[in-house]
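Here are some friendly notes to read alongside the structure. Keep the 3D view open and look up each residue as you meet its name.

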Amino acid sequence: GPVLGAMVYGAAFCPAADVPALSARAFADSKTLTEETRERLFEEIAADPRMGSVVDSLSAAEISAKMLARDVASLNALAMTQTFALVDGALARGANLTACFVDTVGDPERHRERLAQRFPGIAFTVCPKADALYPIVSAASIVAKVTRDRELRAHVHAEGGGIETVYGSGYPADPQTKAWLAKHVEPVFGFPSLVRFSWATAKTALEGAGA
């Protein structure tokens, strides 16, 4: 995942009767779509009276704090907590959830069992690559990706001026992101709080340039 910015989790919901028709709406895994297409589909979802969505963000600083704490929180544990929050958010919006499709990090069956225990009465389907298999999960991935990109563009650095705001994609393999990390590593304090300190890329950079 990205080394910069928040981790944004998204959910989308609609009437069960509408699910078959979603296949005709160009929803796909957000990573396979252009930014322009994602933005257009995001606005379509927001304007559709028969669809709803919920997002929940974990800032880079929160991720760093939880994953580098003495009592380490794994990425799987963070994902589970955020998934609970998304289902709670949909229920709070008045959705009468009967079935829920979830993209998973980690063991799918364990994830499903925990969700089923937490939310009895909802039938959960949990599997990897659900955002490519189920259009409603594709819609959720579009909502999450567009929200994350907008948050990244709007980020105001608490550390003050002098920090470049062109980050590239935020992914470790992106040369522009690599150059940004190299330029903004600070020997004592590490990086601006936009960076996920717990990611291997950030750790490696600190080992090389840190005091």
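1. A word to begin with: two residues are in contact when they have heavy atoms within 4.5 Å of each other. Please also keep in mind that this is a predicted model.

2. Start with helix α3, residues 75-92. This helix has 18 residues, and the distance from its first C-alpha to its last is 25 Å, close to the 26 Å expected at 1.5 Å a residue. Just after α3 comes Gly 94, which takes a positive phi of about 100°.

3. Next, look at what α3 hides. Its buried residues are Leu 78, Ala 79, Met 80, Gln 82, Thr 83, Phe 84, Leu 86, Val 87, Gly 89 and Ala 90. What do the buried residues of α3 pack against? Their partners are the strands β1, β2 (52-58), β3 and β4 (123-127), together with the helices α2 (60-67) and α4 (108-118).

4. Now turn to the pockets. The largest pocket has a volume of about 1400 Å³, and 47 residues line it. Which residues lie nearest its centre? They are Tyr 9, Gly 10, Asp 103, Val 137 and Ser 141. The elements that give two or more residues to this lining are β1 (7-13), α3 (75-92), β3 (99-103) and α6 (135-154). Sorted by class, the lining has 30 nonpolar, nine polar and eight charged residues.

5. Ser 141 deserves a stop of its own. This serine is found in helix α6, and it is among the residues nearest the centre of the largest pocket. Is Ser 141 buried or exposed? With a relative accessible area of 13%, Ser 141 is buried, because the cut-off for that word is under 20%. Leaving aside residues up to four places away in sequence, Ser 141 touches Ala 28, Asp 29, Ser 30 and Asp 131.

6. The second largest pocket holds about 230 Å³ of space. Among the residues that line it are Glu 35, Arg 38, Lys 145, Asp 149, Thr 165 and Tyr 171. Helices α1 (35-47) and α6 are the elements that give two or more residues to this lining, and α6 gives the most, with four. By class, the lining divides into four nonpolar, three polar and five charged residues.

7. Finally, check two backbone angles. Most residues other than glycine have a negative phi. Ala 26, however, has a positive phi of about 70° although it is not a glycine. This alanine lies in the loop between β1 and α1 and counts as partly exposed, at 46% relative accessibility. Lys 129 also has a positive phi, of about 60°, and is not a glycine. You will find Lys 129 in the loop between β4 and α5 (130-133), where its relative accessible area of 60% makes it exposed.

How values were computed:
Residues are numbered from 1 along each chain as its sequence is written. This is a predicted model: local features need pLDDT of at least 70, side-chain atom pairs count only at pLDDT 80 or more; totals for chains, interfaces and linings use all residues. Side-chain values use heavy atoms; hydrogens and water are left out. On a 1 Å grid over the protein atoms alone, a cavity is a set of points where a 1.4 Å probe fits but cannot get out, and a pocket is an open set with protein on both sides within 12 Å along at least five of seven lines; lining residues have an atom within 4 Å of a point. Grid points are joined across faces, edges and corners, and a volume is the space filled by probe spheres set on the points. Ala, Val, Leu, Ile, Met, Phe, Trp, Tyr, Cys and Pro count as nonpolar, Asp, Glu, Lys and Arg as charged, and the others, Gly among them, as polar. The expected span of a helix is 1.5 Å times one less than its number of residues. Buried means under 20% relative accessible area, exposed over 50%, partly exposed in between (1.4 Å probe, protein chains only).
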